[in-house]
Structure formats: C-alpha cells, structure tokens
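Morning, everyone. Please have a look at the model on the screen.

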Amino acid sequence: MDMLDDVVSGASSRTVSTPDLLRLVQTLAQDLGSPELRSWARAELTGYLPEHRLPTYRGPFALPVEGASDPASATVTVELRGPLAEVSQTADLVERRCGDEVDASGAVDRYRARIAGGIDPRIALMRLCGESSVVPPPLLRSVDESVRNRVLDIALDLRAVAHPSSEGLTVSAAALALVVDGALGLAPGHGAPGTTPPLLQDAAAADLIDRMSAVLADVHRAEEAVRIVLEDEPGAVKRNSVQRLANAVRAGRIPAAPGIHPDDAADRVVDIAARHLRW
C-alpha cells in the first residue's frame, strides 16, 4: 500500500503541496480504475469547466456587498472554478488589499458588467478580488484545506478496504464507489449548479427531490440521491447503491439537513427509496 501511505502522509503534512498531492491522487485513481476520482483531481488542478457541477466547497456563494444602493444588488454570487493554485493566489491578492478603502458596490457592478460583456468569469472574479475584499480570503483559503481533507478521507477509507495483490492494490467496485462518491459528493458532467439533468425532470422525480431535500443538506445532494434511486439498475445492484448512499449519509460524508441526526437521515433516505421502488 505504498502509494496510499504516500497520499496519507502527504495529506497530513504541509511538506507536500496540495497540487503535488493531487498529482499523487491522479496516479492512485488510475491504478484503482476510478475515473471519478481522477476527474476530480484533474479539475482541482486545471479548473472546473462550465458544465461541471462544483463541489460545495467551491460555491456558489452569495456574498454581501457593502454600500449597495438597493436590496437587489446587496449580494453577489460567485463560483470558485479556477485551478486550485489560482484560487490560492487570488487569496494572496485580496489579503494585500485588506485595510484599503474600497468601493465594494462599484467593484461588484464592474464585475457584473464584465461577465455580461463576455469576459471569462474566472478573469472577472480575479479582477473583482484585485479591486475589493468582497470575496473574503478565508473563503478562498478554505478550498485548499477542503481538498486536503477530502484526499485524506479518501486515502484512509481506501486503506481500510483495499488489498495488496500481485497487480497492485485491489478494491471492489462497490467499495470504491462508496468511498469516492461519499467523500466528493459531486457528479462530474451532470450539469452546472442550478440546472436539472434530464433524468430528474418528470413529476415523480420532482416529488422524490422534495422528499430528499427535507432530509439532506441541500437540493444538489437531494438530486444526486434521487439520481441513484432512478438510475436503471438490476434489483440487487440497486439495493447496494441505495445502501452505499445511506452509509455515506450515516458517516456524514453526505450532510444531513440541519436538525436531523445522520442516522435518522440515512434511515429516511432508505425509506424514501424503498417506497418509490416498492421494496
């Protein structure tokens, strides 16, 4: 398990930079046969495309705008889609501005105008951060920390279920999916935040999303849970998929709604799925 040990060691120590850690994860994902894990590591290194759903630690975030002239412009929504190194460098940029007198409302107006004029949102966001402190440095810094925490969670969980063999590490497809899906909580290529994939557009899906939204932390988590319930799979595979989903909720890798204990949320997810599937 040398590579897993290297990933655990790297995620636990600042002697390995987060981009270098992600390159280790890419190699590990290739060896384990996990395109989802490799796609996530690549997206963190190179940035998220518009069609990629963002992990929750990258947004969207609604941020207050000081000095806004009307309630409609009192907040601005941003998504941190740039490469991890770029997000960290942007945090440096904002920190250098801290203490400067800035017109936050004017900076946000220019940000919105740039986006409306076709400027790449990543470039527009960097200009906004260069002109104001609307995007707080701790929020930008938290992306790096969130990535390292997820890498460590994945490596520790894999170390518990993987087995060495003559061909390297081996892990069952179900165990691999549980670890990766639970830790990342995203579905690459299933649409930008706020869009509804085709699988989720009928009335039955809408009802399921409403019921899952009452149990899970946000609508995006609910949509992913419903996708698992609705995907066309044989009965035994479907039961395994639902159980993996419940286990991820129980372990806290998929957050429960406020005020609901993870164990209760997991049981309710299984109950919702079972009623729909007529188990």
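A definition to start: helices here are DSSP runs of H or I, at least four residues, numbered from the N terminus. Keep in mind that this is a predicted model.

Now take α5. After this helix comes Gly-118. The phi of Gly-118 is positive, near 95°. Helix α5 itself covers residues 104-116, which makes 13 residues. At 1.5 Å a residue, α5 should span 18 Å. Its end C-alpha atoms are 18 Å apart, so the two agree.

Which residues of α5 are buried? They are Ala-104, Ser-105, Gly-106, Ala-107, Val-108, Tyr-111 and Arg-114. The cover over them includes strand β2, residues 75-78, and helix α6, residues 121-131.

Next, a loop. Ser-34 sits between α2 (18-32) and α3 (35-46). Is Ser-34 buried or exposed? Its relative accessible area is 3%. Buried means under 20%, so Ser-34 is buried. Its side chain has a polar atom 3.2 Å from the backbone nitrogen of Leu-37. Leave aside neighbours within four places in sequence, and Ser-34 is in contact with Ala-29, Leu-176 and Val-180.

Finally, the whole chain. There are twelve helices and four strands. The chain has 279 residues, and 44% of them count as buried. Now count the contacts with a separation of 6 or more: 68% of them join residues 24 or more positions apart. The chain exposes about 13,600 Å², and carbon and sulfur atoms supply 52% of that.

Methods
Residues are numbered from 1 along each chain as its sequence is written. This is a predicted model: local features need pLDDT of at least 70, side-chain atom pairs count only at pLDDT 80 or more; totals for chains, interfaces and linings use all residues. Side-chain values use heavy atoms; hydrogens and water are left out. Helices (H or I, at least four residues) and strands (E, at least two) are DSSP runs, numbered from the N terminus. Buried means under 20% relative accessible area, exposed over 50%, partly exposed in between (1.4 Å probe, protein chains only). A polar contact is a pair of N or O atoms within 3.5 Å; within protein, one must be able to donate a hydrogen and the other to accept it, and residues adjacent in sequence count only if both atoms are side-chain atoms. Contact means heavy atoms within 4.5 Å. The expected span of a helix is 1.5 Å times one less than its number of residues. Accessible areas come from the Shrake-Rupley method with a 1.4 Å probe; for residues, only the protein chains shown count as cover.
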